Amino acid sequence: MTASSPPPLADLLHAAVTAVGGTERPGQIAMAEAVAEAIDDNSHLLVQAGTGTGKSLGYLVPALAHGERVVVATATLALQRQLVERDLPRTVDALHPLLRRRPEFAMLKGRSNYLCLHRLHEGVPQEDAEGEAGLFDPFEAAEPTSKLGKDLLRMRDWADETETGDRDDLTPGVSDRAWAQVSVSSRECLGASKCAYGAECFAEAARERAKLAEVVVTNHALLAIDAIEGAPVLPSHEVLIVDEAHELVSRVTGVATGELTPGQVNRAVRRAAKLVNEKAADALQTAAETFERLMELALPGRLEEIPEDLGYALMALRDAARTVISALGATRDASVQDEDAVRRQALASVENIHQVAERIVDGSEYDVVWYERHDRFGASLRVAPLSVSGLLREKLFEDRSVVLTSATLKLGGDFNGVAASLGLSPEGVRDTEEEGAAHPWKGLDVGSPFDYSKQGILYVAKHLAQPGREGSRSDMLDELAELVEAAGGRTLGLFSSMRAAQAAAEELRGRLDMPILLQGEETLGELIRTFAADARTCLFGTLSLWQGVDVPGPSCQLVVMDRVPFPRPDDPLMSARQKAVEQAGGNGFMAVAATHAALLMAQGAGRLVRASGDRGVVAVLDPRVERARYGSFLRKSMPDFWYTTDRNQVRRSLAAIDAAAKAAEA
């Protein structure tokens with residue numbers, strides 16, 4: 001090897017795996033080689049890497065070997081912390097002697113994730129007349145003995161100690177309400193040049209570290225903001241790696257969604273009222289009152305056409321907001337203490353009102369508009385893109401190599417469904433000029449080190465009645481109780497709704513002599529710790545449990561899904577997407593509803609086998625997985641477990657697994 005040639009990838013991977021105390025696996029080697037090839041070719045790669053593959057090193061090692069800046073975007077805080085606190089430090093140390101350089105790495109998040117020293121020292125701009133006009137010191141205003149007061153005082157002490165100002169480095173954490181007192185959004189920020197604390201700003205420091213780093217770890221939301229808003233947030237980079245890529249479309253949709261609520265509009269009015277002339281303030285106030293009256297009568301559901309009265313109300317809001325924005329830029333009031341902070345908060349609020357109102361009034365055919373009603377927060381008006389595939393194709397895959405990886409990217413046996421949602425043509429099909437720029441890509445399934453067919457059983461209870469939209473399912477609850485009893489507890493119950501989870505927990509608590517934990521009765525982290533600590537314990541819950549539980553060992557040997565998790569029939573965005581596919585000549589149900597369900601079921605089934613010694617059963621208490629035409633698509637999307645519909649066989653298997661686990665524990 002010459003001094004200038006890079007070390008062989010195999011040597012680098014071996015050094016990195018050894019450094020983290022792992023074992024090289026064929027799938028990890030295949031992944032690393034494919035990532036290196038995609039980077040060299042400036043092409044795109046979708047990699048399905050099952051649990052236990054070691055996919056983090058499978059992409060980090062070839063990315064570091066390449067030598068250009070790489071951005072790694074993840075969906076969850078847990079993976080971000082794992083990369084920055086464990087995988088990257090050890091990998092960089094291991095590769096340093098071979099690469100003869102020490103790559104720097106940094107984490108970068110949105111501005112509101114960092115402590116704002118201006119807010120901390122100068123206080124929060126307030127908008128109500130009842131003693132809250134101007135600025136006030138939240139540390140004096142909050143009762144020092146209250147939870148909020150204690151959190152604020154603790155954050156003041158923490159501000160003197162922290163090097164990052166990152167909310168996630170504050171342990172224990174604080175409530176959203178408390179954090180809002182010491183943080184700002186990007187729109188509210190004064191800017192480093194205008195802020196008295198700009199030189200010490202934690203968010204600016206994080207950006208500077210990212211500019212100097214070879215690896216920048218961020219999240220899907222910031223990646224979406226960087227792509228959508230046009231103003232670069234991330235440093236320029238040659239390679240983008242999207243981990244937990246099955247979440248990307250959902251996160252991008254969230255960032256691209258706008259919302260208007262009466263409370264939000266009224267806050268904007270109060271914030272702007274003392275900073276602009278009376279005429280501009282009155283116009284915004286009148287528009288806000290009209291909007292609020294309409295929202296009191298709003299019924300949940302999609303608005304395929306904007307009603308005339310709502311249209312007029314939104315135009316009035318848009319026009320009044322535009323006038324206020326102009327006035328905020330033109331006037332200054334020396335009597336308002338620290339006016340820049342007050343003005344920035346007011347401007348941010350009004351700009352958001354203007355932007356969303358204008359978007360809905362313009363009525364793009366590519367947007368979906370709907371009303372939502374929340375028991376606690378009242379009605380809201382929302383607008384979201386019908387699809388983000390075009391946006392991703394244009395913004396994500398240009399001018400860089402993109403690697404997308406997850407344990408669940410193949411649905412129904414291929415990558416094409418996920419690829420289409422990302423704006424990519426079917427594998428092997430090159431885009432035409434009419435469809436957009438060519439984005440060659442390939443898919444690779446590197447498998448899993450686990451032998452799913454020997455470690456797990458997929459059981460579908462085909463004898464049960466098909467679940468309906470409403471009403472209890474007594475036969476399902478009977479089946480669930482028998483399965484949990486046969487397993488000796490050890491059950492993770494994944495339910496399609498919180499109501500179903502609550503009903504099941506209540507029923508089984510009355511029937512079985514074992515602890516049944518329910519999501520929402522304690523923090524999720526505490527529930528999972530308790531579940532993992534006691535094998536007899538069961539944990540029931542909904543969406544976050546389908547994807548967020550990692551409990552290897554005997555505490556989780558039965559994963560139950562109460563029904564196929566199709567989106568709600570009245571979900572405005574999902575139903576609009578399904579209808580759009582049908583109007584284009586496709587199968588809307590399979591492209592939207594079945595794909596959504598398959599992704600969740602693949603993730604849910606992945607909770608069972610987390611280590612090489614794990615054994616157990618995934619039980620789906622919905623006969624449609626066996627009987628319906630789409631059932632095979634759902635089964636193919638899950639790990640390759642041994643499949644059965646024999647209820648007696650499953651009970652015997654669960655009893656045997658329970659007996660073996662008890663013997664091992666003894």
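**Figure 1. Arg 393 in helix α16.** Arg 393 belongs to helix α16, which spans residues 389-395. In this predicted model, the residue counts as partly exposed because its relative accessibility is 26%.

**Figure 2. Helix α2 and its surroundings.** Helix α2, residues 26-41, has 16 residues and reaches 23 Å from its first C-alpha to its last, close to the 22 Å expected at 1.5 Å a residue. The buried residues of this helix are Gly 27, Gln 28, Met 31, Ala 32, Ala 34, Val 35, Ala 36, Ala 38 and Ile 39. What covers them includes the helices α1 (9-19) and α3, together with the strands β1 (44-48), β7 (239-242), β12 (401-406) and β13 (441-445). Just after α2, Asn 42 adopts a positive phi of about 55°.

**Figure 3. The crossing of helices α2 and α3.** Two packed helices are described by the angle between their axes and the distance between the axes. Here the axes of α2 and α3 (residues 55-66) come within 8 Å and cross at roughly 35°. The crossing in which α2 passes α3 is right-handed. On the α2 side, the contact is made by Gln 28, Met 31, Ala 32, Val 35, Ala 36, Ile 39 and Asp 40. Helix α3 contributes Lys 55, Leu 57, Gly 58, Tyr 59, Pro 62, Ala 63 and His 66.

**Figure 4. Ser 56 in helix α3.** Ser 56 is a residue of helix α3. With a relative accessibility of 8%, Ser 56 counts as buried, because that value is under 20%. Leaving aside residues up to four places away in sequence, Ser 56 touches Leu 79, Gln 82, Leu 83, Asp 87 and Asp 243.

Figure 5. Side chains of opposite charge can pair when their charged atoms come close. Lys 109 and Asp 168 meet through their side chains in a salt bridge of 2.5 Å, N to O. The pair links distant parts of the chain, its members being 59 residues apart. Lys 109 is in the loop between β3 (105-107) and α5 (117-122), whereas Asp 168 is in the loop between α7 (147-161) and α8 (176-180). Lys 109 is buried, its relative accessible area being 5%, while Asp 168, at 24% relative accessibility, counts as partly exposed.

**Figure 6. Two further salt-bridge pairs.** The side chains of Arg 318 and Asp 319 form a salt bridge of 2.9 Å, N to O. Arg 318 is buried, with a relative accessible area of 15%, and Asp 319 counts as partly exposed at 31% relative accessibility. In the other pair, the side chains of Asp 622 and Arg 624 meet at 2.6 Å, N to O. Asp 622 has 0% relative accessibility and therefore counts as buried; Arg 624, at 11%, counts as buried too.

**Figure 7. A network of salt bridges.** Glu 479, Glu 482, Arg 647 and Arg 651 are linked in a network of salt bridges. For the model, the count of salt bridges comes to 36.

Definitions and conventions
Residues are numbered from 1 along each chain as its sequence is written. This is a predicted model: local features need pLDDT of at least 70, side-chain atom pairs count only at pLDDT 80 or more; totals for chains, interfaces and linings use all residues. Side-chain values use heavy atoms; hydrogens and water are left out. Helices (H or I, at least four residues) and strands (E, at least two) are DSSP runs, numbered from the N terminus. Buried means under 20% relative accessible area, exposed over 50%, partly exposed in between (1.4 Å probe, protein chains only). Axes are lines fitted to C-alpha atoms, for helices over the stretch in contact, and angles run from 0 to 180 degrees between N-to-C directions. A crossing is left-handed if the near helix is turned anticlockwise from the far one by less than a right angle, and right-handed if clockwise. Contact means heavy atoms within 4.5 Å. The expected span of a helix is 1.5 Å times one less than its number of residues. A salt bridge is a side-chain nitrogen of Lys or Arg within 4 Å of a carboxyl oxygen of Asp or Glu.
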